[in-house]
Amino acid sequence: MSQADSQKKGDILFVGIDLGTSRSSISASNGTREWTESFVGWPKDFISQKILGKAVLFGADALEHRLSLDLCRPLEHGVIKEGIEKSEDAVKEIIRHLIDLAKPASGQKIHAVVGVPADTLKVNKLAIRRAVTEFVQSLLVVSEPFAVAYSLDLLNNALVIDIGAGTTDFCIMHGTIPSEEDQKTILAAGDYIDDQLYSYLAEKYPNSRFNKNMVRQFKEEFSFVREIPGDMQVEIPVGGKPVMHDIKNEVKRACESILPAIVETTTEMIARFDPEFQIKIKNNIVLAGGGSLIRGLREYLQDSLKEYGPCRVTSVEDPLFAGSDGALKLALDMPSKYWEQL
Ligand SMILES: Nc1ncnc2c1ncn2[C@@H]1O[C@H](COP(=O)(O)OP(=O)(O)OP(=O)(O)O)[C@@H](O)[C@H]1O
Ligand SMILES: [Mg+2]
């Protein structure tokens, strides 16, 4: 019986999961699409458990109550922190939570394709298998950018650049399942921008009180590269009073800090192919991930790569679900020999 036949019978729920550093999402064959921030928190003691009334909290809920929780962000830099039992438990909770959100019918088996950052596929594969065995019957772990490419039907002569929180993942598609050398991961991504912005602001406004979380929100609201009209002011407390702060220059510098590494890696990866393919790939570059929302980034990349001939860069429409949609599509299409039975 093929995968599609068993799905028709309804005894299997196929799910695609994008396990991200900052956000994780699920797309399921019953039509659900859900996401959560990749934070897990366990109440610190019985008082906090009593107050919170839950054994585990996720995402924004966990962040809000962080003072009473043991908080874990298990995928920092795209790798399940090895040797730390807590982070494997956290991954397990995230996947369990996502599958709950997808509302499988009772008794339905789960066949899951899980997307993880490209470079860490090997390390993460084992950890993910341990994390999902309890509730998944059949598993396939793929690289995130491959899942994105698959969701867009970009299977030949294309380059996907997935700018996430912990990592930026590159994947060249040339008509086969991408091998290790078709993929590359660098750390110039969202978290890096946040670190830069935090230190620029701390330097400019030493007496103002703000934290990393606020800085990430400033970035998400204002992010841009190159030029953009208008002021950028945010409210930050100084000596207990809210004061408006100009952050435009700092946002620009922080966002632009990831550009050199992205341009360099893009050029490097394309240069490995012969000239005929280089032209095709350069005309089919796709940006995905939350970082693709930075204003002016697509145009900047396209212009810098044009120096060496024609080039076309586009962005995915739905950066939050492109990975999990692709993973679901893979789940529905993959012949059974690729699956691992758990
Ligand atoms: N409008 C925006 N401008 C700039 N950055 C943004 C914007 N919206 C979200 N981001 C950033 O995108 C990142 C999250 O993107 P995404 O969900 O693709 O990452 P992830 O999949 O969790 O991470 P990774 O792929 O590294 O595991 C965060 O750093 C977030 O701050
Ligand atoms: Mg991602």
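This is a predicted model: local features need pLDDT of at least 70, side-chain atom pairs count only at pLDDT 80 or more; totals for chains, interfaces and linings use all residues.
Local features need pLDDT of at least 70, side-chain atom pairs count only at pLDDT 80 or more, and totals for chains, interfaces and linings use all residues. Residues are numbered from 1 along each chain as its sequence is written, while chains are lettered from A and ligands numbered from 1 in the order in which they are written.

The protein is assigned domain 1 (3–150 + 321–341) and domain 2 (190–256), with bounds from an automatic or database domain assignment. The centres of domain 1 and domain 2, taken over C-alpha atoms, are separated by 32 Å.

Helices (H or I, at least four residues) and strands (E, at least two) are DSSP runs, numbered from the N terminus; two strands pair if DSSP finds at least two bridges between them. One open sheet has 6 strands in the order 3-2-1-7-8-16, with mixed pairing. Its edge strands, each pairing on one side only, are strand 3 (33–37) and strand 16 (340–341). Strand 16 runs antiparallel to strand 8 (residues 138–143), to which 2 bridges join it, and Glu-340 in strand 16 stands opposite Leu-139. Helix 4 (residues 85–101) packs on this sheet, touching strand 1 (12–18), strand 2 (23–28), strand 3 and strand 7 (109–116). The direction of helix 4 makes about 150° with that of strand 3 (angles run from 0 to 180 degrees between N-to-C directions, and axes are lines fitted to C-alpha atoms, for helices over the stretch in contact). Helix 13 (residues 322–333) lies across strands 1, 2, 7 and 8, at about 145° to strand 1.

A further open sheet, of 3 strands, has the order 5-4-6 and antiparallel pairing, with strand 5 (57–58) and strand 6 (69–72) at its edges. Strand 4 (residues 40–43) pairs with strand 5 over 2 bridges, and Gly-41 stands opposite Leu-57.

The axes of helix 7 (190–204) and helix 9 (residues 248–256) come within 8 Å and cross at roughly 150°. Residues in contact (C-beta atoms, placed from the backbone, within 7 Å) include Ile-193, Leu-197 and Tyr-200 in helix 7 and Val-251 and Ala-254 in helix 9.

Around ligand 1 there are 26 residues, of which Gly-20, Gly-164, Gly-190, Gly-289 and Gly-290 come nearest (a residue is near if its C-beta atom, placed from the backbone, lies within 6 Å). Helix 8 (212–222) gives the largest share of the shell, 3 residues. At least three residues are drawn from each of domain 1 and domain 2.

Key: Two residues are in contact if their C-beta atoms, placed from the backbone, lie within 7 Å.
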